[in-house]
Amino acid sequence: MEKTKRILDSSDLPLEARAKLTPGEVLEILKKGNEDFVNDNLTVRNNSKRVRGAALGQKPIAAVLSCLDSRLPVEDIFHRGIGEMFVARIAGNIINNDILGSFEFACKKSTAKLVLVLGHEHCGAIQSSIDDVKLGHMTNLLAKIKPSVCAVSKHYEGEKTSDNPDFVKNVSVENVKHSIREIRERSQILKELEDKGKIMIVGGMYNMQRGKVVFME
């Protein structure tokens with residue numbers, strides 16, 4: 001307990017300490033960091049010093065798949081700094097082979113102990129998929145969200161349009177769950193690491209108004 005408390009209270013984890021964290025400790029760090037972000041209890045960091053330090057090596061604690069949306073500054077949301085997190089961003093936080101390969105590197109070859117799929121409210125990619133938008137390369141991207149639209153539509157009783165924020169949110173939540181299933185089903189490496197307790201794979205939803213991340217464990 002004292003070790004975990006010391007880690008959570010630290011705003012500048014040494015590289016060696018990061019590498020020894022457990023997946024559960026990493027999850028608690030992100031939860032505490034988001035709490036600091038929500039409460040505007042942020043630490044002023046010397047980024048010039050961190051840039052120089054990171055040049056010597058990196059031991060990030062987590063790998064986050066986030067939407068492309070500019071309103072999701074991932075490191076800020078979790079009160080983390082340079083060299084502490086791998087972040088992959090793609091519209092609709094969907095899974096593809098390149099994302100999987102990147103996260104396999106992050107967890108198997110590097111030090112990430114947590115994979116987080118981070119969705120959010122009012123997602124434009126989700127809305128576009130609901131609207132069945134067809135436009136260039138977007139068509140294939142949005143098709144990867146369609147299974148979530150269809151899954152929610154089967155049981156949702158309200159208005160099933162992009163103008164209904166509740167429907168959009170429900171699809172966004174299902175889309176996070178779908179991406180997690182895709183990770184486990186398509187990456188034997190990440191699935192084995194999770195089964196052995198070496199990493200955790202979790203989801204989260206970001207609330208635009210409050211800045212709060214609700215985790216789905």
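Predicted model: local features only at pLDDT ≥ 70, side-chain atom pairs only at ≥ 80, totals over all residues.
Strands of a sheet pair through backbone hydrogen bonds, in either the parallel or the antiparallel sense. Here β1 (residues 62-66) runs parallel to β3, and five bridges join the two. V64 sits opposite L116 of β3. On to β4: β3 and β4 are also parallel, and seven bridges link them. V117 has G203 of β4 as its bridge partner. The pairing of β4 (residues 200-206) with β5 is antiparallel, over four bridges. There, M205 is bridged to V214 in β5.

## Strand β3: buried or exposed?

How many of the seven residues of β3 are buried? The count is seven of seven, so the strand is largely enclosed by the rest of the structure. The cut-off for buried is under 20% relative accessible area.

In a regular strand, side chains alternate between the two faces of the sheet. In β3, L114, L116, L118 and H120 point one way. V115, V117 and G119 point the other way. Residues in both sets are buried.

## Nonpolar cores

The largest nonpolar core has 36 residues. Within it, L65, F103 and I183 touch the most other members. Helix α10 gives the most to this core, with six residues.

F103 touches A63, V64, L65, A88, V115 and L190, leaving aside residues up to four places away in sequence.

## Helices α6 and α11

Two packed helices are described by the angle between their axes and the distance between those axes. For α6 (residues 97-109) and α11 (residues 188-195), the angle is about 40 degrees and the axes are 9 Å apart. Their crossing is left-handed.

Which residues make the contact? From α6 come F103, E104, C107 and K108; from α11 come I189, L190 and L193. By class, five are nonpolar, two are charged and none is polar.

## Positive phi and a helix glycine

Most residues other than glycine have a negative phi. N93 is not a glycine, yet its phi is positive, at about 40 degrees. It is found in the loop between β2 and α6. N93 is buried, with a relative accessible area of 3%.

D132, also a residue other than glycine, has a positive phi near 55 degrees. Its place is the loop between α7 and α8 (138-143). D132 counts as partly exposed, at 40% relative accessibility.

G124 lies in helix α7 (residues 124-130). This glycine is partly exposed, with a relative accessible area of 34%. Its C-alpha atom is 9.4 Å from that of V168, 44 residues apart along the chain.

Terms used
Residues numbered from 1 in each chain as written. Heavy atoms only, no water. Pairing = 2+ DSSP bridges. Buried < 20%, exposed > 50% of the residue type's maximum accessible area, 1.4 Å probe, protein only. Axes fitted to C-alpha atoms, helices over the stretch in contact; angles between N-to-C directions. Left-handed = near helix turned anticlockwise from the far one by under 90°. Contact = heavy atoms within 4.5 Å. Nonpolar A, V, L, I, M, F, W, Y, C, P; charged D, E, K, R; others polar. Core = buried A, V, L, I, M, F, W, Y, C linked by side-chain atoms within 4.5 Å.
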